Structures are given as C-alpha cells and as structure tokens.
Amino acid sequence: MSDYNKEKDNNHLDNGKFEYLHSNESLLSLDNTLLCNIETDSDLHTSATSSQECNNSMVKVFKQDIKTNGRAVSKTPRDVSPDINDLNDWQDKFLMNQVYAQFDLQNEKDNISNNSNNITDLGTFDTFYKEDTNFQPTDIYLPESSTVDTILNKPNITYLHKDELNNLSCLNITNFGDDIMEENNFVRSTKPNDKNVSPVIQSKFRPLNKCNLPKKKLCLDDISLKPEQIKNKSTNPTECQNLTFYGLSDVAKKMIQEVKGICELYEWQDECLKLAIKTRKNLIYALPTSGGKTLVAEILMLREIICNKKNAIFILPYVALVQEKVQSMAILALKLGFLVEEYASTKGCYPPTKRRRKNSIYICTIEKALGLVNSLIEMKRLAEIGIIVVDELHLLGESGGRGATLEGLLTKIMFFDDMIRLIGMSATIGNLKEIAQFLNADTYSQNFRPVKITEYVKCENCMWKVNFNNEELLVEISNNDYKYPDDIAVLDPDRIGNLVMEVAPNDSCLIFCSSRKNCENLALLLTKVLPRSLGNYKVMEKRTLLNILKTEEGLCEILRKTLPFGVAYHHSGLTSEERRLLENAFKEGVLCVICCTSTLAAGVNLPARRVILRSPYVGNQFLNLSRYKQMIGRAGRAGMGVLGESILICKKPEISKVKDLLTSQMDDSLSSLHVENDRGINNLILSAIQLNMATTRYELHKLMDITLLGIQQNRLDVNVKSITDETITALLKCGVIKIKNKDKISNPNVTVVIPSQESTDIEKLKSSKKEVKTVTFTSETKFQLCDLGQAAMKGKNGPIDLKTAYKLYEDLKTAQKHLILIDNLHLLYLVTPYDVVSQITPVGNIYYDVIMTLTDSQMQVARLLGITEATANKIRDGITPKSVEKRVVERFYVTLIIHELWNHHSVYFVAQKYQVNRGVVQNLLNTVSMFASSTVRFCQELSEFWAFTEMLGTFSKKLSYCCPSELETLMELPSVKIGRARQLYKAGYKSLQSIAKADSKVLQEQIPYLSNKIVAQIIAAAKLLILQKAEDLKDECENVLDGINMSQLDVELK
C-alpha cells in the first residue's frame, strides 16, 4: 500500500466520513517542514503578565485543574457536544496539525491523558492553553480588581478567556523567556541530569499521521468587528500610565535591564521620559554622542507596542546601523513578544505584512522608510503606525538628496496631524527651535556625557589643551620633541606613532584621515614606526582574524602587513564582512588602532580611549563643528573606561581656523527640498498626487507650507508658492502629470497660465509671433499622474527620479525591438543602475581586454549598444568614441562587472580584475538588485512592457546573493556571506532548520574560525527566521479563511 493510501486509511472520522488531513494544503499555504525538528531551549511557564493583559475577558477558573508530572493541565470531558463550533473542529484537524504535528512530548511517560490538552513549547514563545468543552456564556464574569490581583499572583494556574470577536476558546500565547518567572512556575524535565533538553519538545521526526493531534484552537477573526468592540479591545492609556516603568510593566523593565545590561537610567533619561509620557506631542531631544539617547527612544517604542498595540518605525541613516540595531533588538523582541523587521538594502517588502497577533518595529534606512510610509498611505494602513523615531535628525540639512528625502517623509507624516507621534534625536543640531516648529514638537536638551572628553590641539611639537573657560582657549601643556631616529622622523613628522603608543596596546585609538587613500597609507606607516613588540600581543587572536579574512573573500595585502601590529584601516572600500570583522576585533582589543574616514563616526558605534584627527580637513573641505563633534564623540564611551581624549593635529597657518572651529555654533539644518528637485520637491508633489494626499493647486500649496522649506523660506529668500507653481508647470509640460479627465500635454512649448500670473502671460503671448497652446488652471484644478509618473512613483525601493525614469523608458523601448536572450548580458544591462556609473571609471586597457574575450552572443549585445571592436580600440587608447554615447560606454563597463559576479566570481577577484575597491563591487550587487526590483514595478505599471515583468522578476533575489541556488537560503542569515555559506553547506547544514537545531559547540568545531558570539548569532537568527515565517503562514492562513463559513468547505465523498 502506498504511503498516500496508508495515511488515507488513518484519517477516517468516527462518523464514517473520510477526511484527508492535507487535502487543503494549497488553501492553507503551510510548509509542513517549516517547524519540524526544531529543538528548543526554554522551559514552559505561564505568564501573569499575559493573563493581566486579558483580564477584561477572564472567566472562572475551573476546578478540574490537575498536576501531572509537574505540569499544570486541565481535564476535558469526552462528550463534546456535536454543535460545537465547526471552526474549532476544522482547525483541530487541519491548521493545528499542519503547524504543530511534529512537535510531540518527549517520551511516553510525559504524555498527558487523552482527556487533557497537549501543551506545546515553540522555543521563543510559550503556549499554555485550557479548553472547556461545556463552556457557557453565562460563566463569564469580570472580576473585581482585587480579585484579579489575587488570582494573577498564584502560580501554575491556567485561565480560560473568551475571545470577544467570535466566542471561541483561544490559544493564549505569552512571549516572555523562562528567566523572568519564579522557580515554581517552570515545567521541569522528569529525567535526571537532563538540563539542556526541552521538557516538552523532542527533535525526533515523526510522520504527520503518527503524531498526536494537538487539541488547540486558533482564534480566527472571521466575524466582523463592531466599532464598540474595537474600542473596548484597545488598551486604556491611563492604565499604561499607572504602570511603574514609564508606562511599562516590571516584567518589561526587567527584560530591558537584562538585555541591555543597564541597572538604572541616567537622570536626564528619567526627565526626558517623564516629559515624553505626559502627552502624545512630538518630541526632539538633543545630547552629545554616547549620552544614551537611543535607550529613551527604544522605551518609547516599546510603550507604543505594548500599551497601544501599534507598530513603530525606527529610522537610521546607514545600512550598517540598521543591521546592528536589528541584531541588538532581536533578543528583546523575543522576550517581549514583538517582531523586528529589517528595511535596508534588499530587505523589506511594500506594503509590510499585516499581522493579526504581533506588532512590529520596522528598522529602516531613510529611503526604505519613505517607501514603507508611501505603501501604508496607499493601502490606507498608516493608522497601524503609532510612533516614528528618527535618529540623526540633523540629516534634514544634508545635501545629495538624503536630507530632501527625509524632509518629504516627515512632511507627509505631519500632513496627517496627530495620527502618528514623531520622536527625533541628534547630537549635532544647531537650529533646534526651527526644527521643532517644523515638527510641532517639544524639545529637551542637555550637555550630558557619561565619560568626560579632554580635547587637545597639536601643532608640530606643541600640545595645547582646549579650555573654553580661558580667554586664550588653547592652553599649552607640553612641548615634547618625542625622540625619534632621523629616518623615522622623516616618515612621521607629526609623531603619530608616539601618540598611539601612549595608549596602545592596552587601550584603543581611532585615527580619522581625510581620504581613503590616507587611511591605507597611514596604516602602513604605523607598521614602520611602531615597536616590533606589538606583534607579540594577542598573537593567536590576530592569526585567527587573518584566517577568517582569508576565508571570506581573500586577504588584502595591506591588512596582511598591518594586522600583526594590531593596526587596520577602515573605509567604504572594504567589504561589509571585512568591516564587521575589523570592528569586532577592535571592540575585543585584538586591534588597538584603526585608521578610518569620517563616515565611521556616524555609521558605526565604535568607541575608543583616544581619538586622533590626522588633519582638520575631510577631503578638501575644512571641518565644521558638527562633524568635529561626531568624530571626537567616539572617545570615552560608557563602559569603556573613565577617560576620553581627542587630539586634533594641524599646521601653524591653520591654528586660527581651528580656534574659529572650536568656538563656532553647530551647523543649522537647512532645507534642500527646492535644490534637490528629483529627490526633493518633484518627488513630494508627485507622490502627494499619486497617494491622493493633495491633488489640487490649493492642496499642494497647503502641503508645501508645512515643509521645513516653508518654515525657512524667509531665511532662504525663496517663495514656496512660486516654487510650487513652477514645479507643477514643469511637470505638466514634460507629461508626468496632467489635469484630471484631460489628455496629457507632454509638450515643452505649451504655456501654462496660472490665474495670478494670467495678465503677464497674456501680454507675452500677444508679443509672440508663434501660435502657442495655452493651458490655464485654478486653485481647484485637480491633477493626476500620467502613466510614466505613476510607474516612476511605484519603484520597489522608493520612487525612481524622473531623469532615470525617462532613460529607463527609452532603453526598454529599444530593447523591445532587439532583445538578445542567448545570454543574460542584455538583461543585466537593462537593470544596471544609472547612478553607479559615477562611482566606477572605466580603465581603457581592461575594457579592451574584456571586450576581446566576449563570446559571439555577448558581442552581439555589445554591438547592439554601439560598442564594437573599433570602439574598444579607441577606449584603450584614451580616445572618446563619437559613435556611441558616453553614458552607454560607462554603463556597459559596469554591466561587465555585474556579469562576472553573476557567474559567481568572488568579489575579491572582480575587484582586482577591474581595479575597483572591493566594497564598491559588493555594494554594486545590492544596488543592482534594488534597481532590478524597481524596474519590475516600473514595467508592471506600463502594460507595453509586460514581457519584461516576467523576465526580470527573478533577477532581484539572485542578484542580491549571486551564488548557487542551494546557498541562497543560508545567505538569508546575518553574518553569513558566500564563503561561510559554502562552509555550512559542506558541513551538512543545508537549511535553516538544520542550523536552528545545531549544537553551538559542534557547529564551532565544524566551521573554522567562528567565534562563540558569531555562532550564537547564526543559530539565533535561524530560529528567528523560522518563527517569523511560521507567523507569516499563520496570518496568511487566517487571511484566506477570513469570513468563510467552515461548513461550506466540507466535501462529502460519493
């Protein structure tokens, strides 16, 4: 008999009907293997806190509770009435069997009687359920507060609560770890000396038809909610305010203390939090670097999630910071029962998954946050967000488009008034009151630092201490010649070697350089001037670090020379794995010196005892106070000693400028919305029209008035209304928007007349000899996006700027006529981002060599683009070919690099071959992957490009990894790139499940050069990904079944 028939025979119901447990697998979309064989570590317990949250719906405690083998269970009578809700029975045999089937009790001794309910522990959350089949609505009562307190204080008691939505007994899930409960609340294993084995779940695999069917009921919201029910279900804010820890429970307080390693808050944190919880008004707080600003924001987000049951958005400026924060909050999320979702690089989906049971903190970069908010507005789900926290709020004034993007995002939030609370924090914001006016926020500022920084200025042999209380400002403290040999003195005229050796190797030192090349040169210089004895310090750890770096992609020759001295360089030219490894080594004391660029000050939390500024310049620009404070803020962090020092090295002619720098004010954050057109005002107006936020001239003026540009228009000497009208006119002329119910203009010669400008324009028209079409619109004229504008705004990773949209449209039109599919090269060219061309300069002889080695099919693509052998000859000789556009030549060169990566060549190999920094090559993969996703969405909005949607649809994920398909799953894990993924795969860890149940010691033995910390992160991340996918499947199942009468799904076999 086949396995199918065997299972079929085992699935007859008592009434003679046949029911095959997996017949609705396609409907449920559940992966039976997803949660199989996962061994968990935490014990099972009941949570008083979770019961407290449900106290409004609590019912009488049943007297049938018994204790079996140390576990609290409840008796369930056999004579279940046949009219019990069909949904419960159906879920018993379909949904819960799918999710929990292979989680069984550890042995026959521990099996609970068939009359009792099974108890399942899913590792990171604890489940305790009790069902009364004789449940009657008359049994429901709301206990007095004193009674509730008495009941909740009793351990090992399970409560049945009634679901207000569908009158079903439901699964009570609590998300707190075992370490927060009292000893007598734990369920212990009956086996002696079995400390590390879960008392409930074994990792032994059993077929689905051999498993005990869990008698659990999963709540489905299949009955429509009444407004009063929704109101009653939400948490009372005053109730939260009465809790002891700024609106959070003592359990949450304990979790924060344990995870963060914090005993008590600073005085300023206490003051700021008390100010924040008084009202829901927006808040901006400003303190120096390392003052503890982030903890305040995290407490406020937790309060929003736990008390108000809303999601939160946390905006950080860099991908590295997002990834670091995701990792640091993961444990807290598991303990307190919420999710952490990453929106950076290729991670994150629009709109986010709508969850029924859990709330999320979305940790995002600025660009990803904009796409996230746009998608929520479009789906009318913005109300799911309760709070948005912006770190480094001063970036509102940053040029290059990021400041304008952030301003547009915050403007949209402000447009919805008090729906969402905004929290901003910064260490270097000059015009705090002006930004507070923009965000309608309270302000809080202090000059607190947990560790004092002593600032010095060094010029030649003189060292001055910075004293702001002294009229001279610079007070000379020493004139030290630092006895250098003559040959060494020539190499190191500023005596940086001596400055380093005053703290190394026992303490750490960061040296900020003005350029990436200077970082590398200085690291090499230090190997010549530092004593050889440094090579004897932590020799084994340094050797391990070198081996790990070799394992990843290949070892840089400079690092090979500098690491034995405990010295490294750090800039964007390194891969993310190299930077992470070097940062960890620096934190652990294996490295004592890092030569870095200024981006490390803002992008990485890397404290040091001493910070040296090699020059008062960044690139060719003199330092401003904001950047200076950011860099010296790395010195003397809490928990890293009691002293921090900064030394600014300068030349004699620069001393007066340095004094001006030290006494200057923090830079103001000024709007660039009108300067950065594509990422600024154009983007804001187009998205406002697309999202139906503002569709008339009057509404667009109103929107622009509440921008930071509107607040600063007098200061910047601009007129916001005029700029808005000019932008609308330009967008109308280029055919991106049109007047509603009219054809688009798409003609630059059309004159757009606005009532306030009508007389002037008419006079101009009379004086003109040409006949020009005139379009007039009033304040109430409605606009809508044309197809191209709609496609540009629908970019997967945020809107595509208009220039890029036009270029992409033309390239796709050309490709429609002559698309070459013999090789992937042409498709890769179509998804090569236009803006990365400026980062990579073609090298003539390399370009020629690569062109000459192309296959015939690949050469067809090159010729189609206009790049022939003759063109390659000219490029090699340094001659710009006139037969093909420069942008096409440069873009195809980038495509050739991507093609090498697509064929699984290592980043290190490609970087060497094309003479490009490894970090640039690696970042290229992420950029291409994101642009490929945006191109697919662009094609989806334009029906003429329907074919490209299918062809390019699979590119995004493959491009983000560029690895064999069997390794893609492993590369979802943080800290795992292609080198480590290969190691895991060869060692037998071929899935997330196999890693999640792995023993950390065994894994560390099988994979060379893995630290305990990295092993723990990889295993924890695997478990977290599995649980998140399980949560997604549950939500998907409930969404499919929402509103369906289960009796309609019964199929009677004839």
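Modeller: Helix H38 passes helix H39 in a right-handed crossing. This is a predicted model, in which local features need pLDDT of at least 70 and side-chain atom pairs count only at pLDDT 80 or more, while totals for chains, interfaces and linings use all residues. Residues are numbered from 1 along each chain as its sequence is written, and side-chain values use heavy atoms, leaving out hydrogens and water.

Biologist: What makes H38 and H39 helices, and where do they run?

Modeller: Helices are DSSP runs of H or I with at least four residues, strands are runs of E with at least two, and both are numbered from the N terminus. H38 covers residues 907-914 and H39 covers residues 918-941. The protein has 45 helices and 25 strands.

Biologist: Which residues make the contact between H38 and H39?

Modeller: Val-907, Tyr-908, Val-910 and Ala-911 of H38 meet Arg-918, Val-921 and Gln-922 of H39, where contact means heavy atoms within 4.5 Å. By class, they divide into 5 nonpolar, 1 polar and 1 charged. Ala, Val, Leu, Ile, Met, Phe, Trp, Tyr, Cys and Pro count as nonpolar, Asp, Glu, Lys and Arg as charged, and the others, Gly among them, as polar.

Biologist: Is Gln-915 buried or exposed, and how do you know?

Modeller: Buried means under 20% relative accessible area, exposed means over 50%, and partly exposed lies in between (1.4 Å probe, protein chains only). Gln-915 has 57%, so the residue is exposed. Leu-473, at 8%, is therefore buried.

Biologist: Why is Leu-283 called buried too?

Modeller: Its relative accessibility is 2%, so Leu-283 falls under the cut-off. Leu-283 lies in strand E5 (residues 282-286). Leaving out residues up to four places away in sequence, Leu-283 touches several others, including Cys-272, Leu-422 and Asp-442. Leu-283 and Arg-421 are 138 residues apart in sequence but 8.3 Å apart in space, C-alpha to C-alpha.

Biologist: How do you know which way H34 and H36 run relative to each other?

Modeller: Helix H34 (residues 844-852) and helix H36 (residues 869-876) have axes that come within 7 Å and cross at roughly 160°. Angles under 35 degrees count as roughly parallel, over 145 as roughly antiparallel, 65 to 115 as roughly perpendicular and the rest as oblique. H34 and H36 are therefore roughly antiparallel. Their contact has 6 nonpolar, 3 polar and 2 charged residues.

Biologist: What kind of peptide bond joins Tyr-350 and Pro-351?

Modeller: A cis bond, with omega about -15°. Ala-504 and Pro-505 are also joined by a cis peptide bond, with omega about 0°. Most peptide bonds are trans.

Technical notes. Axes fitted to C-alpha atoms, helices over the stretch in contact; angles between N-to-C directions. Left-handed = near helix turned anticlockwise from the far one by under 90°.
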